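Me: Hi! Could you walk me through this structure while I have it open?

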Amino acid sequence: MVYYEGEEILIRDMVQSDAQIITCEEIAQGWPQTIDKYEMRLRHQADGKCTALVAEYKGNVAGYIHVYPDAGSGSFANQGYPEIVDFGVLEKYRCNGIGSKLMDIAEQIASKYADTVYLGVGLHSGYGSAQRMYIKRGYVPDGSGAWYCDKVCPQYADCCNDDDLVLYLSKGLS
């Protein structure tokens, strides 16, 4: 299914061939990646658990995002709120409006399920541009503090500033 088609950007459902393209491109960027994550998203999409989206820029796979209508993890788990998960734009395609358009479509999909959407964002500097974008889009911290490995990280607890250290943010949709 196509969700958006503009002059240079196309947003559509993820398909199997996208998983390999994204994996190879992320490895080329120096990211420690395997295809497993994207194959899992495709299975979840086939099972009706999520909407897995891909952005094309001038015909090339350039980014991805996933919407889970009632996610089972995070600060709003099992409360009927959709979660935006695993959002990325390949480095060579950044600053072309792809991330904003992916978020627009993800929020539109989420609004079909609830009036609030949430997401977790990493706390290390690699997530700096995502952190800024979410705040500009109206996302606010949920107040539960930092999470580590899918659990609230207690005050003064040891943790590692890796991809598993996140802050949950939410946004009202209208």
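Reply: Happy to! β3 and β4 pair in the antiparallel sense, with seven bridges between them; strands here are DSSP runs of E of at least two residues, helices are runs of H or I of at least four, both numbered from the N terminus, and two strands pair if DSSP finds at least two bridges between them. This is a predicted model, where local features need pLDDT of at least 70 and side-chain atom pairs count only at pLDDT 80 or more, while totals for chains, interfaces and linings use all residues. Residues are numbered from 1 along each chain as its sequence is written, and side-chain values use heavy atoms, with hydrogens and water left out.

Me: Thanks. How many residues sit between β3 and β4 in the hairpin?

Reply: Two residues lie between them, and Lys58 in the turn has a positive phi of about 50°. Glu56 has Val61 in β4 as its bridge partner.

Me: Why is β4 called largely enclosed?

Reply: Because eight of its nine residues are buried, β4 is largely enclosed by the rest of the structure. Buried means under 20% relative accessible area, exposed means over 50% and partly exposed is in between, using a 1.4 Å probe and protein chains only.

Me: New topic: which residues touch the most other members of the largest nonpolar core?

Reply: They are Ile84, Ile98, Leu102, Met103, Leu119, Tyr134 and Tyr139, in a core of 28 residues. A nonpolar core is a set of buried Ala, Val, Leu, Ile, Met, Phe, Trp, Tyr and Cys residues joined through side-chain atoms within 4.5 Å. The elements that each supply at least two residues of this core include β2, β3 and β6. Helix α3 provides the largest share, seven residues.

Me: What is Leu119 in contact with?

Reply: Leaving aside neighbours within four places in sequence, Leu119 is in contact (heavy atoms within 4.5 Å) with Glu83, Ile84, Met103, Tyr134, Tyr139, Leu167, Tyr168 and Leu169.

Me: Last one: how many salt bridges does the structure hold?

Reply: It holds 10, each being a side-chain nitrogen of Lys or Arg within 4 Å of a carboxyl oxygen of Asp or Glu. One of them joins Arg12 and Asp18 at 2.7 Å, N to O, and both residues are buried.

Me: Which residues are linked in a network of salt bridges?

Reply: Lys101, Asp104, Glu107, Arg137 and Lys171. Arg137 meets Asp104 at 2.7 Å, N to O. This pair links distant parts of the chain, 33 residues apart, with Arg137 in the loop between α4 and β7 and Asp104 in helix α3. Arg137 also meets Glu107 in a salt bridge at 3.0 Å, N to O.

Me: Is Asp104 buried or partly exposed?

Reply: Asp104 counts as partly exposed because its relative accessibility is 28%, whereas Arg137 counts as buried at 18%.
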